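Colleague: Before we discuss this model, I would like each label set against its definition.

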Amino acid sequence: MGKNYIDIENDHGEMLRYRKHVNGRGLVAHGAKVHPSALVENGAYVEPGVQIAAGVRVGRGAWIESDAVIGPEARIEPHAHICAGAVIGAGAHIGVRTQVGHNARIAVGSLIGDDEIINDGEAVATDRRGLRLAA
């Protein structure tokens, strides 16, 4: 049986230990809180301080930066990038290769399509078709 963790050096020369999440085998840093029912697919990275609620799905190659919060039943598609401090509401869907900026807020149930960029600090709410609602 192989080891269930990997050590990776960050941009500041510090070694961070990531464990393989029991559901999906994605890498979760020490200090992140991921609900056991969440799926973190192999190849996804979850940084320290992140909180991921029950029923969340994080796709392959997705990167969730420090102190981001992902609400229950949200979906983060493959290769999406959730920047530090971002908040993704319950049931929201973040598309493939989409970037959600630092401290951005995605409302409950919002649909953000593929290849979109949500700017730093931006608050976004959409209807079920992905059309943006007035703030």
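Colleague: What percentage of the 135 residues of the protein chain count as buried?

Modeller: The share is 38% of the 135 residues, where buried means under 20% relative accessible area, exposed over 50% and partly exposed in between, with a 1.4 Å probe and protein chains only. This is a predicted model, in which local features need pLDDT of at least 70 and side-chain atom pairs count only at pLDDT 80 or more, whereas totals for chains, interfaces and linings use all residues. Residues are numbered from 1 along each chain as its sequence is written, and side-chain values use heavy atoms, with hydrogens and water left out.

Colleague: Why is His-81 called buried?

Modeller: His-81 has a relative accessible area of 17%, and the label applies under 20%, so His-81 is buried.

Colleague: What makes the link between the side chains of His-81 and Glu-65 a polar contact?

Modeller: The two side chains are joined at 2.5 Å, and the definition asks for a pair of N or O atoms within 3.5 Å, one able to donate a hydrogen and the other to accept it, while residues adjacent in sequence count only if both atoms are side-chain atoms.

Colleague: Why is the protein chain described as being as compact as a globular protein of that length?

Modeller: The chain has zero helices and 19 strands, helices being DSSP runs of H or I with at least four residues and strands runs of E with at least two. Its radius of gyration, taken over C-alpha atoms, is 14 Å, close to the 14 Å that the globule rule gives for 135 residues, so the description holds; that rule is 2.2 Å times the number of residues to the power 0.38.
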